[in-house]
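Q: Before we look at single residues, could you show me how to read the features of a model such as this one, step by step?

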Amino acid sequence: MTDPLCSLIPLVGLAYQREQPLQVHEFDDMLERWTGTARIDADILAEDMSACGDTDQETLDATEDIAVGRMSRPRVCMFGPDNPLHAMDSTTGDVSRIGERVLDVARGEFDRDFEEALAYPVGDLLVMDRVILEPAWRGFGLGPVLAGAAVRRLSPGCTAVLCEPGSADGRSMTEERHREAAAKPARVWSTVGFEPFRNGVHFLDCRLQRPLGLLAERQQEFTALCRSWNAQHGPR
C-alpha cells in the first residue's frame, strides 16, 4: 500500500438516506429506497490536516468533502398489501431480475428452493443493487468493508440480503463475458458471507452468525492495512 490515499482511509464515513416522497406513490408500503454515500467529511479532513501541521488556514477553509463511493439498497417488505415482486419491478431491471430468481411469481412469496436455503425464512429482503467506488479508491479492500457495514446497519428485520455480482461500467457484453466479469466480484462478496443461489444471484443469510464473523475479519484486515501504511509512511 504505497498510495497516499491510504492515509485518508481511516477518515472515510458512511451516510445513509431513505428517499420518501411526500405524495404517496404505488408500492410505498412495500419498498424502502435506501442509498448510502461513502465520503470523507470536509470538517474531519481539515481537522486531520491541521493536526499534521504545515497547512495554512486558507487551505483548511477551502477543504471540501471527498467522494469515495455510493450504493443503492432497496428494502422489500414481504408482508405488505401488494405482491413484493411487483414492487421490485417498479425499481430497476437488476432488482426485478433478482426478484424473479428468489420469489414465486404467481404467489408473491419465497420460491420453495430459496426458502429451503434460508435458516429462518421470515422477514424482509434487502437488495444490494449497486456498490460503486470512485476509481481512485479501488484496490484497497474498501468494497467489502463498506458493503458489510451497510448490511449490518440496514438489515435488522431482514431474512436475507441479495445481490447479482457483475460489471457496473455499463458496457454491453455477451453472456459469456458477463459471467467472466461477475466471477471476481462474486469472490469479493463471498468474503462477507454471500453464497450463490441461482442464475447469478447470491444471498447472505441474515440469521446466521457467519456473515458477522466474516465482516469482523474484513474490518480487522482493513485496520491492519491502514496501520501498516501509517507505520511505513507516517510522520517520522
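A: Let us begin with exposure: a residue is called buried under 20% relative accessible area, exposed over 50%, and partly exposed in between. This is a predicted model, and F79 counts as exposed in it because its relative accessibility is 60%. F79 is placed in the loop between β3 (66-76) and α3 (84-89).

Q: Which residues form a nonpolar patch on the surface with F79?

A: The patch consists of F79, Y120 and V122, which together have about 330 Å² of accessible area. For the protein as a whole, the accessible surface comes to about 13,300 Å², and carbon and sulfur atoms account for 48% of that surface.

Q: How many helices and strands does the protein have, and what percentage of its residues is buried?

A: The protein has 8 helices and 10 strands, and buried residues make up 38% of its 236 residues. Of the contacts with a separation of 6 or more, 74% are between residues 24 or more positions apart.

Q: How many disulfides does a search of the whole structure find?

A: A disulfide is a covalent bond between the sulfur atoms of two cysteines. The search of the whole structure finds 0 of them, and the reasoning rests on a cut-off of 2.5 Å between the sulfur atoms. The cysteine sulfur closest to that of C77 is in C158, at 9.8 Å, which is too far for a bond. For C158, the closest cysteine sulfur is in C206, and at 5.6 Å this is also too far for a bond. C158 is buried, with a relative accessible area of 2%.

Q: How many salt bridges are there in the whole structure, and which residue forms one with R70?

A: The whole structure holds 14 salt bridges. R70 pairs with E134, and their closest N and O atoms are 3.6 Å apart. Because R70 lies in strand β3 and E134 in the loop between β7 (130-133) and α6 (142-154), the pair ties together parts that are 64 residues apart in sequence. R70 is partly exposed at 45% relative accessibility, and E134 is partly exposed at 28%.

Q: What are the N to O distances in the salt bridges that R107 forms with D104 and with E109?

A: The distance is 3.4 Å for R107 and D104, and 2.4 Å for R107 and E109. R107 is partly exposed, with a relative accessible area of 31%; D104 is partly exposed at 23%, and E109 is partly exposed at 42%.

Q: Which residues are linked in a network of salt bridges?

A: The network links D94, R97, D129, R130 and E164.

Definitions and conventions:
Residues are numbered from 1 along each chain as its sequence is written. This is a predicted model: local features need pLDDT of at least 70, side-chain atom pairs count only at pLDDT 80 or more; totals for chains, interfaces and linings use all residues. Side-chain values use heavy atoms; hydrogens and water are left out. Helices (H or I, at least four residues) and strands (E, at least two) are DSSP runs, numbered from the N terminus. Buried means under 20% relative accessible area, exposed over 50%, partly exposed in between (1.4 Å probe, protein chains only). Contact means heavy atoms within 4.5 Å. Accessible areas come from the Shrake-Rupley method with a 1.4 Å probe; for residues, only the protein chains shown count as cover. Patches are made of residues with over 30% relative accessible area and no salt bridge: like charges are joined within 9 Å, nonpolar side chains (Val, Leu, Ile, Met, Phe, Trp, Tyr) within 5 Å. A salt bridge is a side-chain nitrogen of Lys or Arg within 4 Å of a carboxyl oxygen of Asp or Glu.
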